[in-house]
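Reader: I would like a close look at one part of this model. Please keep it brisk.

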Amino acid sequence: MNQSAKRHSPLQAALIGGAIATTATLSVCGQALTRSVHAALQDSPKALVDQVWQLVNREYVDGKFNQQDWQATRQSLLSKNYTSNEQAYVAIREALQKLGDPYTRFMDPKQFETLTSQTSGEVSGIGIRMEINEKTKRLTVIEAIENSPALKAGIQAGDEILAIDGKPTLKMKVDDASSLIRGKVGSLVTLKLGRTGKNAFDLKLTRATIEVPTVRYTLKQEGGRRIGYIRLREFSAHAADQMRRAIRNLDNQKADSYVLDLRGNPGGLLQASIEIARMWYDNGGIVKTVDRVGSSEETKANRTALTNRPLAVLVDGNSASASEILTGALKDNKRAVVVGSQTFGKALVQSVHELADGSGLAVTIAHYYTPKGTDINHKGITPDIKLELTEAQERQLASNPDLIGTQSDPQYARAIAALSSNSKFAQPVTVPNSQPLSSRAEDLKF
């Protein structure tokens, strides 16, 4: 399914993990350009090259540029003749590589569209999740997303997709099928479906913009406790709204404890992690960011918590960035017991810019610290209860995802044991009365 990018203003967009947020406006080339040079560069690959250089020069977190002579780099870049944007892309990537920062990176237009779309939390398509069924080897529907054209048309889990616009799907990869299904909102796509007990039939659907569920939740009865289990896959633009709905719905179902599963969550939008942290506690720090000149901004809770019920957080080595901001905030404020394995260890913030030709640039602009001032970069967060899965356990959960978040999931089971014990984690959080704390998180220039 094709993901449709949702633009954010420069003050709202920040890249915290593997996902990307995007600024809506193009960054201007710096004042160093003379009029004559600017005229020569305009509408040429050199303009793109220099736009990238200017952005890094202005924003990059390391003012020494990894001990590189960044001015000499610019002279070298502009001394070359580029016959195509593709040649410029190669030169840009080579220049950025000298910074020694894998997170400051250039994206060609296709990569930029894919990554900016990811954090929009929206797709342009028909709203299905697909897989190649291991037994039948056929392209099969896992789920029709809520409020999607697919669900409204009656597509069901287990339906086999036999053809897309007349093209047979036998031996077709999921990514290739997604490419055929994606398209402009309002356009049509025809699927030939196979369903148990019925002859194959064609179904014509109109593509639409769909909010992708990044939060999944359910109420579980675990012994004497009613557990609200919430799994957050990434911090997209819709993640906070979906989390808010999940907590409220589980609260209405009388959940007395919560398990928040951040395992495998690579991160996403900074603001989403801040908003979600504020749903769990009223007072205390969330994150502090420090830029290249040492200026710091501290973001705090703002008395908008939705629940004070006991909470356990599940993490692993793929819980990164925004996941670590949220985990660090909950741990440092003693709001949750953290269970699982050491987290990834990425404590850097990127701004993301759309360039003149539709390509993009992510630039590391700040370092972040947990509320207690801990630097987790290249270290990660150590859980309160460290529990590594064996290779056999990892294979079992990977081959049968339905076991995730059940008693057959050792880390989940350990979290339930912690919540059920006679410990501080089994008691509701008590918050002292205090005045609302101010925050300038909205003013961070990302």
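Which residues in H2 meet which residues in H3?

Author: First, a caution: this is a predicted model. On the H2 side, the residues are Lys46, Val49, Asp50, Trp53, Gln54, Val56 and Asn57. They meet Trp70, Gln71, Thr73, Arg74, Leu77 and Leu78 in H3. By class, this contact has six nonpolar, four polar and three charged residues.

Now the geometry. Helix H2 covers residues 45–59, and helix H3 covers residues 70–78. Their axes lie 10 Å apart. The packing angle is about 175 degrees. Angles over 145 degrees count as roughly antiparallel, so H2 is roughly antiparallel to H3.

Next, the setting. The protein chain holds twelve helices and 19 strands. Of its 446 residues, 49% are buried. Its accessible surface comes to about 20,700 Å². Carbon and sulfur atoms account for 47% of that surface. Take the contacts between residues at least 6 apart in sequence: 71% of them join residues at least 24 apart.

E19 runs parallel to strand E16 (residues 337–340), joined by two bridges. There, Val339 stands opposite Ile385 in E19.

Methods: Residues are numbered from 1 along each chain as its sequence is written. This is a predicted model: local features need pLDDT of at least 70, side-chain atom pairs count only at pLDDT 80 or more; totals for chains, interfaces and linings use all residues. Side-chain values use heavy atoms; hydrogens and water are left out. Helices (H or I, at least four residues) and strands (E, at least two) are DSSP runs, numbered from the N terminus. Buried means under 20% relative accessible area, exposed over 50%, partly exposed in between (1.4 Å probe, protein chains only). Contact means heavy atoms within 4.5 Å. Accessible areas come from the Shrake-Rupley method with a 1.4 Å probe; for residues, only the protein chains shown count as cover. Axes are lines fitted to C-alpha atoms, for helices over the stretch in contact, and angles run from 0 to 180 degrees between N-to-C directions. Angles under 35 degrees count as roughly parallel, over 145 as roughly antiparallel, 65 to 115 as roughly perpendicular and the rest as oblique. Ala, Val, Leu, Ile, Met, Phe, Trp, Tyr, Cys and Pro count as nonpolar, Asp, Glu, Lys and Arg as charged, and the others, Gly among them, as polar. Two strands pair if DSSP finds at least two bridges between them.
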